[in-house]
Amino acid sequence: MPIMTKAKSRHRYTPVIILIGIVLAFLFVWGIGDSYLLSTAETDSIQQQHDIDPASKPEKKKNHKLEVAWLMSFGGAGTSYTITNIETVTGRTTASNYGEDYDPCIPVYDDWLDGPFLRSPNTPAPEKYILTKTHCGGYCMDCGPGAYYYASEEDFLQGCLTGKKHVDGGSEIVTYDSSIPKRAVHLIRNPFDNLVGRMHLYNKHNDRHDSHSHYDTSIEGLQSWCKFLDDKYTESEKSYPILQEYKHVPCHGEWYKYIQWHNMAYKAQNKLELPVHYLYYDHYSTQHEAAVDGVLEFLQESRRNDALPFLPGKTYRDIFTEKHIKAARKMTKALMKPKMWKLIKHYFD
C-alpha cells in the first residue's frame, strides 16, 4: 500500500512538471528570438546607414571642414594672377563661382550642387580654406546703368553668391547659400590702372569684330574712349540723378562702377560678418613676397612651391589729365565709403 501511494503521488505531479518544462522552453526560445530580432534590427540600421547617399545626409553640411574664402575682385583687377599663383605656391586647387568655365564642372562638395566649383579637381584641396573667385556684379563692360546700377545691397550680395554651371550641353545660372562663404580676400587695383585695363579688355573684345574701334593707350586714346562711352549712354543715364551729377567726369560710368563695386563688396562683407584681407594688386610689384605671404597666412596655407614670376605692368596715371584726375578724385571721395576711401586715397595723391 505505501508503494502504491508513492506511485500515485508521482503521477499526480507529472502534469505540473510538464507544464513547467513547457513554460521554461517557451521563455528560452522567446529570449533567443528577441535577441535575434534586436540583432537583426541593429544590422538593418547599420546597413541602411551605409546605403544612404552621402549627398543626402542632412548632417553633412555641419561637418564640412574645408571652408570658402572669397576672392572678391572688380573686373580687370588682377584676379587671374592671384588665383593661378596661389594654386602654384600651395599645390592646392582653388574654386570659382563660374563652373561653366571648367570641364568637368565639379562642386567643392557633392551636396553643394550650385557651387562653388573646383578649378582643378585632380589637384588636392586645401585643408582649411579654399580661395574662391567671385566678381559679384556691376562690373559689365560697355553697358548702360540699367545693367550695373544697384539700388539694393541685397541684390549685390546675391550676385556674389551667383554663378553658372554646365547643364545638358548648356549652362544654368545658380546661386548658393550665404552661409557658405566664411572669409574674403578683397582685391584692390589702382583705379587709374583698373580703368585703362578695362579699356584694353574692350579693345581685345572689339578687335575681333571691329578693327576701327581700337583706342590707343595715350591721353588722346583714353579721352576718345571715355567720350564714346559717355555719349553712348547719355539718354539712359538721365534716369539716374547720381550719374547726372557727375556727367562732367570723363568715363563717369566707369568710375561709378568702380566706386559702387568696392562700396557694395564692403557692405556684403559686413552683412555676412566675414573676416577680410585687403590685397593690393600693385604690391605684387613692390613687395611680392609679403603680398603672397599675407594671403597664405589668411588662408592658413603653407608654401610648397616657388611663386610664379610677376611681370610688372605699366602704370597709366600719366595718360590722365590733371583736370580728369581732380574731377575723378572729387567724385570718388564723395561717393565712396570712408573705410574704402581710406584704402585707396593714396592713388589720387
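1. Basis. The model is predicted, so local features need pLDDT of at least 70 and side-chain atom pairs count only at pLDDT 80 or more, while totals for chains, interfaces and linings use all residues. Residues are numbered from 1 along each chain as its sequence is written, and side-chain values use heavy atoms, with hydrogens and water left out.

2. Salt bridges. The count is 12, taking a salt bridge as a side-chain nitrogen of Lys or Arg within 4 Å of a carboxyl oxygen of Asp or Glu. Arg198, Glu254 and Lys257 are joined in a network of such bridges.

3. Asp142 and Lys232. These side chains form a salt bridge at 3.0 Å, N to O. The pair links distant parts of the chain, 90 residues apart: Asp142 lies in the loop between β4 (129–134) and α3 (145–148), and Lys232 in helix α6 (residues 219–232). Helices (H or I, at least four residues) and strands (E, at least two) are DSSP runs, numbered from the N terminus.

4. Arg304 and Glu301. Their salt bridge has an N to O distance of 2.8 Å. Arg304 is partly exposed at 35% relative accessibility, whereas Glu301 is buried at 14%; buried means under 20% relative accessible area, exposed over 50%, and partly exposed in between (1.4 Å probe, protein chains only).

5. Arg92. This residue sits in the loop between α2 (79–90) and β2 (95–96). Leaving aside residues up to four places away in sequence, its contacts include Glu301 and Arg304, where contact means heavy atoms within 4.5 Å.
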